Amino acid sequence: LNHEVAPLPKNSSQQHWQVSSGLRELGIRHRLEENILPYVADIRILKEEKRLIEIDGPLHFVGRTSRYDMKSRLKHRLLTKQGWLVHHIAWFDWPVHHHSRLNYLARLLQSPPPGPDELQEYRSYQDLALPS
């Protein structure tokens, strides 16, 4: 198996499964719902040092904006201070088409994630700078 799935709580979304499926197709070993105290991370990438993907639904943002709420910013800050690289996927930025999702994930994981104090507004995957 290329991934491990812990029992998922009822709040795991269809998007979690879609991201997991895309990672599996890209050959990226991962684990869903990983305990990283004091939090539970949405997806942990295995075989890479301390890399996570957080899937951010509507409740992670202030109102109908792309600005992260304080709780999400604090989680990001604490995880990055522990040495984790934390990538984010916003619910409104996830592609509809399968092929686009694979490209999205490949591009996301090739880009630098936000630093501890850099998670204010969501950065679209289309705006991510890739290393040259």
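User: Is E33 buried or exposed?
Analyst: In this predicted model, E33 has a relative accessibility of 13%, and since buried means under 20%, E33 counts as buried. The residue lies in strand β2, and its phi is positive, about 55°, although E33 is not a glycine.

User: Okay, and which peptide bond is cis?
Analyst: The bond from L37 to P38 is cis, with an omega near 10°, and P38 sits in the loop between β2 and β3.

User: How confident is the predictor, and which element has the lowest mean pLDDT?
Analyst: The protein averages a pLDDT of 86, with 84% of the residues scoring at least 70. Among its elements, strand β1, residues 3-5, has the lowest mean at 50, whereas α2 has the highest at 96. Over residues 5-11 the pLDDT stays under 50, and for that stretch the model has eight contacts beyond four places in sequence.

User: Let's look at α2 then. How far does it reach?
Analyst: Helix α2 covers residues 70-81, which is twelve residues, and spans 16 Å from its first C-alpha to its last, close to the 16 Å expected at 1.5 Å a residue.

User: Which of its residues are buried?
Analyst: The buried residues of α2 are S72, R73, K75, H76, L79 and T80. Viewed down the axis of α2, these buried residues fall within an arc of 160°, so they line one face of the helix. The face turned away from that buried side carries M70, K71 and K81, which are exposed.

User: What do the buried ones pack against?
Analyst: They pack against four strands, namely β2 (30-36), β3 (39-45), β4 (51-56) and β5 (85-90). Just after the helix, G83 takes a positive phi of about 100°.

User: Switching topic: where is P114, and what does it touch?
Analyst: P114 lies in the segment after α3, which covers residues 98-110, and is buried, with a relative accessible area of 11%. Not counting residues up to four places away in sequence, P114 touches H76, T80, V86, H88, L119 and R123.

User: How many residues apart are P114 and H87?
Analyst: They are 27 residues apart in sequence, while in space their C-alpha atoms are 7.2 Å apart.

User: Last one, α3. Which residues are buried there, and what do they pack against?
Analyst: The buried residues of α3 are R101, L102, Y104, L105, L108 and L109. Seen down the axis of α3, they fall within an arc of 160°, so they line one face of the helix. They pack against α1 (14-25), β4 and β5. As for its length, α3 has 13 residues and reaches 19 Å from its first C-alpha to its last, close to the 18 Å expected at 1.5 Å a residue.

Key:
Residues numbered from 1 in each chain as written. Predicted model: local features only at pLDDT ≥ 70, side-chain atom pairs only at ≥ 80, totals over all residues. Heavy atoms only, no water. Helix = DSSP H or I, 4+ residues; strand = E, 2+ residues; numbered from the N terminus. Expected span 1.5 Å × (residues − 1). Buried < 20%, exposed > 50% of the residue type's maximum accessible area, 1.4 Å probe, protein only. Arc of directions from axis to C-beta. Contact = heavy atoms within 4.5 Å. pLDDT = per-residue confidence, 0-100.
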